Amino acid sequence: MPRDGKIMAAAQRRFQADKERRREELERRRQEAFRRSPAVEEVDRELRGTAARIVAAAFDGGGDPEEALKELERRNLELQREQAERLVAAGFPYDYLDDAPSCRTCGDSGWLEDGRPCRCLMSFYAREQNRRLSKLLDLGNQSFETFSLEWYSDRVWEEYGWSPLENMRAVREICGAYARGFSRRSGNLLFTGPPGLGKTFLSACIAREVGERGFSVVYDTAGHVFQQFESGKFGRENPFEEDPDREVNRYLNCDLLIMDDVGTEMLTSFVQSAFYRIVNDRLVNGRKTVLSTNLPAEEIGRRYGEAVLSRIQGEYQILRFFGEDIRILKRDR
């Protein structure tokens with residue numbers, strides 16, 4: 001599963017900061033317990049020194065290290081029981097000074113023995129990824145549970161054979177199932193339809209759900225994506241102050257790319273070529289994509305070429321959005 005190096009680095013910093021916070025909190029509790037009960041401090045001091053004393057004595061006297069370790073374990077258990085009793089007697093929970101790792105799988109290292117990041121570290125990765133996505137998408141308020149159908153009419157549109165309400169109920173279910181079951185075996189989606197019908201909202205819902213499950217998700221507008229490709233290709237000044245090569249790598253290799261506003265950018269032969277590369281390379285490499293456009297599906301062929309349209313028609317599930325512009329309905333209500 002490819003991961004964004006920049007996001008992982010930020011996640012590791014937050015992971016380490018959380019470990020430090022917990023260490024500081026443990027030290028605060030130790031000092032509080034010591035002030036209230038000197039007996040607790042006495043046992044704590046002995047616990048910290050037992051290992052060194054027993055091991056040193058075993059080796060200095062030519063003893064058996066294995067026996068020394070057994071004695072260490074026995075004495076440590078005695079001291080732990082005594083410390084728990086003294087903590088309770090002083091009015092604290094018995095585990096008030098417990099310094100066991102919060103993650104027993106990796107021992108709070110964040111990494112497994114095979115080099116993969118542990119689930120505890122990936123939780124920080126998911127939060128960091130969603131924090132960055134939230135700069136572009138309102139992940140805080142947008143979820144499948146808050147997606148309202150009240151703005152869609154139940155009047156049947158003859159050209160589609162059903163109502164906007166029926167259509168959007170089905171679209172919401174498809175998107176929800178897609179996000180909840182996302183994997184390398186998932187397909188690709190194309191959202192097509194006029195503005196103001198919920199395409200960006202559902203994109204945010206998918207981004208949030210998939211990102212929280214630890215997959216790498218990149219959301220961006222088509223205009224920004226093509227700007228990065230152009231800056232990397234021609235070495236042109238990048239108004240976004242980003243490394244275009246790194247950004248292009250993110251677009252091509254993330255688990256899920258959500259590309260919004262396709263068709264609003266200025267069309268050039270370079271844009272056509274870059275769009276073909278995005279669609280084709282991600283299909284070839286098994287990466288998943290959600291495209292969102294105001295264009296009818298057939299217009300994509302006229303704009304970007306039949307090769308792109310053929311791949312989309314063959315490899316994407318096309319979800320059509322129709323109805324009245326919700327933003328105008330809300331304004332006029």
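These legends describe close-up views of a predicted model.

**Figure 1. The protein chain at a glance.** The protein chain holds 12 helices and five strands. It counts 333 residues, and 45% of them are buried. Take the contacts in the chain with a separation of 6 or more: 75% join residues 24 or more positions apart.

**Figure 2. The open sheet has five strands.** Their order is β2-β3-β4-β1-β5, and the pairing is parallel. β2 (217-221) and β5 stand at the edges, each with a single partner strand, so one side of each has no neighbour in the sheet. From one strand to the next, the twist averages 15°.

**Figure 3. β3 and β4 run side by side.** These strands are parallel, and five bridges join them.

**Figure 4. Helix α5 packs against helix α6.** α5 covers residues 164-180, and α6 covers residues 199-212. Their axes are 8 Å apart and meet at an angle of about 20°. The two helices are therefore roughly parallel to each other. The crossing of α5 past α6 is right-handed. From α5, the contact takes Met 168, Val 171, Cys 175, Tyr 178, Ala 179 and Arg 180. From α6, Leu 202, Ile 206, Glu 209 and Val 210 take part. By class, the contact has eight nonpolar and two charged residues, with no polar ones.

**Figure 5. Helix α8 packs against helix α9.** α8 spans residues 244-253. The angle between α8 and α9 is about 50°, and their axes lie 9 Å apart. This makes α8 oblique to α9. On the α8 side are Val 248, Tyr 251, Leu 252 and Asn 253. They meet Arg 277, Ile 278, Asp 281 and Arg 282 of α9. The contact has four nonpolar, one polar and three charged residues.

**Figure 6. Helix α10 and its buried residues.** α10 runs over residues 297-304. Ala 297, Ile 300, Gly 301, Arg 303 and Tyr 304 are buried there. Among the strands, these buried residues pack against β1 (188-192), β3 (256-262), β4 (288-293) and β5 (316-320). Their helix partners are α9 (269-284) and α11 (306-315). Gly 305 follows α10 and has a positive phi, near 110°.

**Figure 7. Asp 108 in a loop.** Most residues other than glycine have a negative phi. Asp 108 is not a glycine, yet its phi is positive, about 70°. The residue sits in the loop between α3 (65-89) and α4 (119-133). Is Asp 108 buried or exposed? Its relative accessible area is 9%, so Asp 108 is buried; the cut-off for buried is under 20%.

**Figure 8. Asp 261 in a strand.** Asp 261 belongs to strand β3. Although not a glycine, Asp 261 has a positive phi of about 60°. Its relative accessibility is 32%, so Asp 261 counts as partly exposed.

Notes. Residues numbered from 1 in each chain as written. Predicted model: local features only at pLDDT ≥ 70, side-chain atom pairs only at ≥ 80, totals over all residues. Heavy atoms only, no water. Buried < 20%, exposed > 50% of the residue type's maximum accessible area, 1.4 Å probe, protein only. Helix = DSSP H or I, 4+ residues; strand = E, 2+ residues; numbered from the N terminus. Contact = heavy atoms within 4.5 Å. Axes fitted to C-alpha atoms, helices over the stretch in contact; angles between N-to-C directions. Parallel < 35°, antiparallel > 145°, perpendicular 65-115°, else oblique. Left-handed = near helix turned anticlockwise from the far one by under 90°. Nonpolar A, V, L, I, M, F, W, Y, C, P; charged D, E, K, R; others polar. Pairing = 2+ DSSP bridges.
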